[in-house]
Amino acid sequence: HIAVPSLTQIIKEKKRIRRVVIGGMATTYVLYAVLGLLTNLYFGSKVAVMITLNWEGFAWTGSLGPITRMLNTLVVLLPFFTIANAFPLNAHALANNLMTSIHPKTWRALLGISEAQEGEEQPLTGGEAWPPMRVKVVARLMCTVPPFLLAAVQRDPSRIVTIIGIFGFVLMFFVPCLLQYYSVTLFQDIWPQVSKTIFRAPASAWFSEPTWVVAVVVLSSMGFVINFYNVVISLFPVQ
């Protein structure tokens, strides 16, 4: 998940990262699976695509009284509240990943930032902390402004989801691979006495080996090309 790098920074004992991440993912999967299974069993073939829409007009006690209508409205509006709360959190996490994935020298060239003291790129070595406020503001604007612009020019939600789905490959596959490569490079730079043959940072799993990273990039690239072609065909059908 794109928020994992940011969330795991607050964990003091890094050896617990795998346990925390796997536990969180497993808990979320179980809750979603149980909710989806029970909803399908109850509503059957009439189940709506969006699960909360099944409660639109649903009679909890056999009649639609004022309390029942209020509960139905709250359930139907739940996606709005969850997205409103999740958007700034995901935008913040994505901006942090963006700042990490792009090299500081590239940021300096794009924003006209002068060369800082040696070691600024690696705060763990005692240098000045990176990134500066200018980089933070630009990265966060890059992650928050495009969705609003897209919503302003496109009124069809299905098309918005289709277009944004293309960037899902970048966020969920390409960016994590870049972060993994950067973390290993940073680990080897900070501790040069460690053998260069070690391609995994401490407390990381064997899935962090370069072979798996390359495999994910290759498969993601294939999926991205196929999905991009399907999106273009759906948005601009050939007559």
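User: Which residues make up the largest nonpolar core?

Analyst: In this predicted model, the largest nonpolar core holds 8 residues in all. Helix 4 and helix 6 each supply at least two residues of this core. Its members are Leu94, Ala95, Met99, Trp107, Ile113, Val135, Ala139 and Cys143.

User: Is cysteine 143 buried or exposed?

Analyst: A residue counts as buried when its relative accessible area is under 20%. The value for cysteine 143 is 11%, so cysteine 143 is buried.

User: What is cysteine 177 by the cut-off for burial, buried or exposed?

Analyst: The cut-off is again under 20% relative accessible area. Cysteine 177 has 10% relative accessibility and therefore counts as buried.

User: How many disulfides does the structure hold?

Analyst: A disulfide needs a pair of cysteine sulfur atoms within 2.5 Å. The number of disulfides in the structure is 0.

User: Which helix gives the largest share of the lining of the second largest pocket?

Analyst: The second largest pocket has about 1300 Å³ of space and is lined by 31 residues. Helix 4 (78-101), helix 6 (133-153) and helix 7 (157-190) each supply at least two residues of that lining. The largest share is 12 residues, and it comes from helix 7.

How values were computed: Residues are numbered from 1 along each chain as its sequence is written. This is a predicted model: local features need pLDDT of at least 70, side-chain atom pairs count only at pLDDT 80 or more; totals for chains, interfaces and linings use all residues. Side-chain values use heavy atoms; hydrogens and water are left out. On a 1 Å grid over the protein atoms alone, a cavity is a set of points where a 1.4 Å probe fits but cannot get out, and a pocket is an open set with protein on both sides within 12 Å along at least five of seven lines; lining residues have an atom within 4 Å of a point. Grid points are joined across faces, edges and corners, and a volume is the space filled by probe spheres set on the points. Helices (H or I, at least four residues) and strands (E, at least two) are DSSP runs, numbered from the N terminus. Buried means under 20% relative accessible area, exposed over 50%, partly exposed in between (1.4 Å probe, protein chains only). A nonpolar core is a set of buried Ala, Val, Leu, Ile, Met, Phe, Trp, Tyr and Cys residues joined through side-chain atoms within 4.5 Å.
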